[in-house]
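Biologist: I have not looked at this one before. Can you walk me through it?

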Amino acid sequence: MAGFQSGAGKTKAALYLAGGLASHGARVLLIDTDIQNSIALALGVSDPELSALDAQGKTFGSALSKGWPLASCASEDNPAVIYAGYEIAAVEFGAMAAAAGDSHAGGSPYAALIQHTLAWRARTL
């Protein structure tokens, strides 16, 4: 699920879809890329738990900032979940600074991808 309209039901729809597919035997990976950590909140993950996952490099944000493979971040549940984590905000802000011309920002291996996404987002809003 992707979109920029807040309150449109993306998180709830993604959770129901992932749960429904998993309950029918499909292997499902749910990746939260929202800096508000909507999936973690919906699944009851506490702030200390999310901070610990960030510190262990087991969130989308920490994988982006360190250049680690996303597969190492997924939970072992079904549906498997990769939480956004708190580092995602730093990654996104760094990419925005790089897109604005700051030559010292956006040093992660994913910076070009994030910059491209942010440029696309700016064109579609």
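Predicted model: local features only at pLDDT ≥ 70, side-chain atom pairs only at ≥ 80, totals over all residues.

Biologist: Which residues make up the largest nonpolar core?

Modeller: Eleven residues do: Ala14, Ala18, Ala22, Val28, Leu30, Ile39, Ala40, Val45, Leu50, Val81 and Tyr83. A nonpolar core here is a set of buried Ala, Val, Leu, Ile, Met, Phe, Trp, Tyr and Cys residues joined through side-chain atoms within 4.5 Å. Buried means under 20% relative accessible area, exposed over 50%, and partly exposed in between, with a 1.4 Å probe and protein chains only.

Biologist: Which helices supply at least two residues of this core each?

Modeller: α1 (10–23) and α2 (38–42). The largest share, three residues, comes from α1. Helices (H or I, at least four residues) and strands (E, at least two) are DSSP runs, numbered from the N terminus.

Biologist: What does Leu50 touch?

Modeller: Leaving out residues up to four places away in sequence, Leu50 touches Asn37, Ala40, Val45, Thr59, Tyr83, Gly85 and Tyr86. Contact means heavy atoms within 4.5 Å. Another core, of seven residues, lies apart from the largest one and has Phe60, Ile82, Ala84 and Ile88 among them.

Biologist: In what order do the elements run?

Modeller: From the N terminus, α-β-α-α-α-β-α-α, with six helices and two strands in the protein chain.

Biologist: How much of the chain is buried?

Modeller: Buried residues are 31% of the 125 in the protein chain.

Terms used: Residues numbered from 1 in each chain as written. Heavy atoms only, no water.
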